[in-house]
Amino acid sequence: MSGRRDQHEADPPRRTEPTLGDIDHLDSPRGPASDGLPQVKVEARSARPGGPPPRSRNRPGGGKRGWLLPVLLLVLIAVIATAWLNQGWLRGKLPNTELNDVLGRAQQALQAGHLDGQDGTSARELFQSAIALQPDNDRATDGLRQVGQAELAQADAALLAGHLDQAAQQAASARDLLGGGSDVDRLDAQIAQARAAQGSSQVKTVDLVDQAQQALADGKLEGPHGAGALYKQMLQADPNNAVAAHGLDQVGDALAVQAHKAFDANDSMTANALVEELAALQPNSGALPALRAQQAQTRKQDDSALDTELKQGADAFRAGRIVGQGDDTALAHYKAALAIDPDNAEAHAGLGKVAQALTVQASAAIDAGDTAQATQLLDQATVLAPKSADLAAARARLNGAAAQGASSQAGDPNNASPDDAVEASAPVVLSPQQSAAVARMVQRAQIAAARGDIMLPPGNSAYDLYRNALVIDGSNAAALQGLQALPVQVEKQFNQALANGNLGQASNMLDNLAELAPGEASQGALSDRLAGAWLDQAEQQLRDGDRVGATQSLDRARKLSPNQPRVLDLAARLQGSP
């Protein structure tokens with residue numbers, strides 16, 4: 001040992017005398033083995049009460065840490081200042097149950113269309129409450145903008161529906177929320193324009209009252225200028241007009257009385273027209289059910305009589321009783337059928353077949369040289385089918401034969417012979433100018449036919465051009481062939497138009513075919529196909545909400561095929577739909 005004493009020890013070491021230990025407890029359990037040296041207890045160095053602090057290991061001499069407390073104070077001040085300056089951002093990071101609840105209810109009200117109100121549950125009120133809780137909340141600000149846009153959309157819808165006061169109120173709300181804008185300005189201008197038009201219509205309504213009352217007093221109930229149409233026009237402009245509503249009731253009562261009288265007089269055509277007029281003016285009229293029942297009963301009786309006339313007409317035609325005296329001819333029966341149902345397609349086709357038969361007989365008379373008989377037959381056929389292509393061709397042949405016969409007899413009127421008919425069939429010699437004119441007309445007719453100008457325009461249609469060519473040269477083969485081929489071309493154009501969905505053009509072609517070839521058997525099938533296409537279009541229009549267009553398409557189909565089940569079904573659906 002060096003003999004130096006550690007200055008940190010509180011008690012200096014003393015000399016230890018040798019000792020035998022505790023010999024009285026030799027049999028007791030021993031502790032740790034002892035080497036006989038004094039036991040030294042080593043303790044961790046720490047500041048002892050009353051003793052000097054330990055020296056720092058980092059700095060010679062172990063200086064005090066006096067710099068730590070000022071640094072901690074500076075950090076604390078910086079944290080407090082930062083929190084104060086960013087308190088808005090920190091507040092947004094903290095959960096706000098009340099604000100989120102208000103925003104959630106506001107969004108639900110917006111989606112439900114509850115935009116504004118006074119009970120605190122509308123989208124506008126709730127978003128404004130959210131802004132009151134947190135003025136710079138982006139969700140609340142954007143929500144108010146969405147409310148303004150929704151108000152603008154609803155104002156547009158109200159304007160289209162004619163609810164001008166509602167449109168103006170919602171437009172004002174939209175302006176308040178959106179701060180104006182071109183859409184709001186446009187809507188305000190449209191509302192102002194609608195109000196001006198409404199004011200002028202009110203002035204016009206006063207004039208309509210006088211006109212309608214005068215028409216009612218004169219018994220003029222039907223038509224576009226009748227009392228019914230005038231009163232209905234007033235109600236469309238002002239649905240709450242009591243004068244117009246009462247006037248329309250009077251018109252309905254008068255139409256019902258007239259319809260009953262027409263049924264009693266067996267005038268089904270007049271009665272049916274009156275019933276349809278009443279249904280158009282007052283679909284909910286109390287008189288309609290009884291009239292419809294009487295109409296159905298009468299129609300059943302008429303249908304039976306119609307079927308009888310059509311059957312007897314067909315029997316007479318097959319038996320060769322085409323025209324003549326008495327009521328048992330094809331012509332008489334088909335005319336009787338049309339008296340029952342003026343639009344009956346089968347009866348019209350029957351008259352066309354009668355015209356065709358007369359034309360065939362006239363052609364035979366021309367071939368026999370009997371121009372008088374041919375003229376009489378063609379005159380009868382012209383009444384039934386004035387635009388028939390075969391009839392026009394036969395008339396051209398007759399005129400040519402008559403002209404040739406007259407020219408032959410003029411050369412030697414006292415020497416007529418049995419060969420006059422043969423001589424009359426000899427071709428007429430045309431001048432070069434006439435031949436050129438006929439050739440040009442035939443060429444123009446062919447171009448017009450290809451273009452679809454079959455019967456119109458007058459003078460420049462294929463039909464008129466061929467006929468004009470035959471007036472000059474009644475035996476011109478090209479003109480005769482072109483004229484008689486028109487029905488075939490028309491049917492092709494009908495099929496093409498139907499395939500392209502051009503129902504208007506197809507209808508025109510079917511009308512042309514009915515004029516050119518009345519009684520043609522294929523027209524019934526073509527008519528059914530076109531009726532089906534019109535019904536398909538009506539179905540689509542009804543699905544799209546276009547009830548006006550669907551009604552118009554249904555009317556076109558009804559004219560072509562009135563008893564088709566689809567026609568009756570769609571008519572019932574249109575009448576029952578709102």
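How do the axes of helix α19 and helix α21 cross, and within what distance do they come? I looked this up in a predicted model, in which local features need pLDDT of at least 70, side-chain atom pairs count only at pLDDT 80 or more, and totals for chains, interfaces and linings use all residues. I number residues from 1 along each chain as its sequence is written, and side-chain values use heavy atoms, with hydrogens and water left out.

**Entry: α19 and α21**

I take helices as DSSP runs (H or I, at least four residues), numbered from the N terminus. I use axes that are lines fitted to C-alpha atoms over the stretch in contact, with angles from 0 to 180 degrees between N-to-C directions. The axes of α19 (residues 477-499) and α21 (residues 523-543) come within 11 Å and cross at roughly 20°. The two helices are therefore roughly parallel to each other, a term for angles under 35 degrees. I recorded the crossing of α19 past α21 as left-handed (the near helix is turned anticlockwise from the far one by less than a right angle).

For contact I required heavy atoms within 4.5 Å. On the α19 side I found E491, F494, N495 and L498, which meet L526, R529, L530 and A533 of α21. By class, this contact of α19 with α21 has five nonpolar, one polar and two charged residues. Here Ala, Val, Leu, Ile, Met, Phe, Trp, Tyr, Cys and Pro count as nonpolar, Asp, Glu, Lys and Arg as charged, and the others, Gly among them, as polar.

**Entry: α9 and α11**

I next examined α9 (residues 242-264) and α11 (residues 288-318), whose axes come within 11 Å and cross at roughly 20°. α9 and α11 are therefore roughly parallel to each other, and α9 passes α11 in a left-handed crossing. From α9, A256, A259, H260, F263 and D264 meet L291, Q294, Q295 and T298 of α11. I sorted the residues of this contact of α9 with α11 into four nonpolar, four polar and one charged.

**Entry: α3 and α5**

For α3 (residues 97-111) and α5 (residues 138-160), I noted axes that come within 11 Å and cross at roughly 15°. The crossing of α3 past α5 is left-handed. In α3, N100, L103, Q107 and L110 meet R139, A140, Q146, V147 and A150 in α5. The contact of α3 with α5 has five nonpolar, three polar and one charged residues.

**Entry: backbone in loops**

Most residues other than glycine have a negative phi, and most peptide bonds are trans. I found that N266, not a glycine, has a positive phi of about 60°; N266 lies in the loop between α9 and α10 (268-281). The peptide bond from L456 to P457 is cis, with omega near -5°. I placed P457 in the loop between α17 (432-451) and α18 (462-472).

**Entry: a charge over a ring**

I noted the charged end of K353 over the ring of F317, 5.5 Å from its centre. The criterion is NZ of Lys or CZ of Arg within 6 Å of the ring centre and within 35 degrees of the ring normal.

Note on methods:
Parallel < 35°, antiparallel > 145°, perpendicular 65-115°, else oblique.
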